[in-house]
Amino acid sequence: MFGEETVMSEAQAIHIAVIGTGGAAMAAALKAAERGARITVIERATLGGTCVNTGCVPSKTMIRAAHIAHLRRNSPFDDGLGAGAPLVDRARLLEQQQGLVEALREAKYARILRDNPAITLIQGTAQFVAANALAVTTPEGEVRRIEFDRAFIGVGARPAIPPIPGLADTPYLTSTSALSLPVIPKHLLVIGGSAVALELAQAFARLGSEVTILVRSRLLSRDDPAVGDAIRKAFEREGIRVLLRTQTSRVDYSDGEFILDTNAGELRAEQLLIATGRTPNTEQLNLEQIGVKTVRGAIQVDERMQTNVPDIYAAGDCTDQPQFVYVAAAGGSRAGVNMTGGEAMLDLSAMPAVIFTDPQVATVGLTEERATTQGLQVDTRVLSLDSVPRALVNFDTHGFIKMVAEQDSGRLLGVQAVAAEAGELIQTAVMAMRANMTVQELAEELFPYLTTVEGLKLCAQTFTTDVTQLSCCAG
C-alpha cells in the first residue's frame, strides 16, 4: 500500500497530454488520472474514436439486424416455421443504430470526461512542436501551446484507399460511409477480402443487396486456408458472388453506376465499397520533428507502449499493434500506468480475434503454417461441426474447429474456429493457452452439454479418441 501511495504522490505533478478520445486514448487518460496525473485530452473531431462512432458499435448493430432479416427469410426450421421476406426500412434501422451510437458516446465518453476533474478536454488538431510541447489549433483558428511531461498518442486509423486508376474521381464507399448509407443498394461491389469487407458484404446481402466480392488472392489470407474456404462456401450458399484472384485495373462512374475493369471482365454496380485495410492517422502529428519512429505511418512501440522517444507513448490502431479495440484499450491502460511511474506490459501471445460473419470466425495463437515456420513440431486435429451436439440441434453444422498442439508435450498452441457462435468459445481457448494447458487436459475438463464451447473439448478428445464412437454426451 505504501508503494502505491508513493507512486500516486509522485504522479501528482505529472501533466500528460493525450491525443485522441478513442479506446486507447480514453483508457490511457482514465488510468493516468486514477493514478494522480493531470490530463489534457485533445480531440480534433467527434468524441469516441472509431469503435463507437464508425466501427464496432454501428457495424455490429447493422450485422445483427441483417442476421434477423436473414432468419425471417430463411432458417433451418422453415419446414415447421413459416418464413417470409422481411420489409427492410433502412431509415428506421439507421435511426435505431445512430441512437445507440449517440447514447454510448454521451455515457461512455462525453460524460466521463466532463465529470473527471483531473481531465481537461480541448477540441482541436494537435501537432508536436518539441519533445515536450504541442501546438493545438482550435476550430476557431486559435493556436494554443500545450507543454507536458508525458504524451500519449491514440489517434487511430482510417480506411486505406488503393491507387486504382479512376477510383479517386468516383463516389465510392468506405466502411465509414457504408454504415450510414441511407438506401440499401440493388447491387454492391466490394473490393477486399478481410474482416471489414466480409462483415459488411454479408450484412448488405442479407438486407437485400446483390453482392459481389473481389479478392486479390483468397478470403482472409492471413488465416488458415480452411477458414477462408469455409466462409466462401457460406457466402455462396447465400447467393454472394466471390471472385478470387481478381484485380481491378480501372474504376469509372457514369449515370449513377460504377464500372470496373477487372481480369474477370467488366463489372457494374450501383455502389462500390472499398475495404482494403486501414492506415494510421499520424501524418499531421509532425512526429519526425521529435524523432518518433514510424513504419508506413504506424508508430513503433514496445511492450510498455513506449516509443523510441522516452516520454512519448502510443497504443491502438495508429501503432504497429493488432487493430482490435480491446488491444487498444489494454495498451492505453498499460501506458497510463507506465506514464505515472508504474510498470505494466502488454502480452499479446494469446490474443483472441473474432470476425462477425455468419458463421463467425474466431482464432487465437498459431496456425499450423505459422507454427511450422517457427520450427515447431506440431499435431493438429480438425473437428467438423456435425460432431458438436449444439450444432446438430441447431441444424447448422457448417464449419469446423481446428486445434494446433505441440507434438511432444501436447501443449495447446492455437485454435481456429468457424461456427455460428465461434466468438463465444474462443476466450476459453485463450484461457487454456494462458494456463499452458495441453489438449489432453482440455479433453478432461467439464464442459456444459449442448453448448458451442463444448466443441473445444470434443476437438481436444480427437487427439486420442474417435469421437464419432462416443455417445452424444460422453465425457
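Arg 145 forms a salt bridge with Glu 147, and their closest N and O atoms are 3.1 Å apart. By salt bridge I mean a side-chain nitrogen of Lys or Arg within 4 Å of a carboxyl oxygen of Asp or Glu. Arg 145 is exposed, at 52% relative accessible area, and Glu 147 is partly exposed, at 47%. The cut-offs are under 20% relative accessible area for buried, over 50% for exposed, and partly exposed in between, with a 1.4 Å probe and protein chains only. Elsewhere, salt bridges with shared partners join Arg 206, Glu 238 and Asp 358 into one network.

A word on the source. This is a predicted model, where local features need pLDDT of at least 70 and side-chain atom pairs count only at pLDDT 80 or more, while totals for chains, interfaces and linings use all residues. Residues are numbered from 1 along each chain as its sequence is written, and side-chain values use heavy atoms, leaving out hydrogens and water.

Next, Glu 199 and Lys 60, whose side chains meet in a salt bridge at 3.2 Å, N to O. Glu 199 lies in helix H7 (residues 195-206) and Lys 60 in helix H4 (residues 56-73), so this pair ties together parts 139 residues apart in sequence. Helices here are DSSP runs of H or I, at least four residues, numbered from the N terminus. Glu 199 is buried at 8% relative accessibility; Lys 60 is partly exposed at 28%.

Then Lys 31 and Glu 34, with closest N and O atoms 3.3 Å apart in their salt bridge. Both lie in helix H2 (residues 23-34), three residues apart, about one turn of the helix. Lys 31 is partly exposed at 21%, and Glu 34 is exposed at 51%.

Over the whole structure, the search finds 18 salt bridges.

Technical notes: Helices (H or I, at least four residues) and strands (E, at least two) are DSSP runs, numbered from the N terminus.
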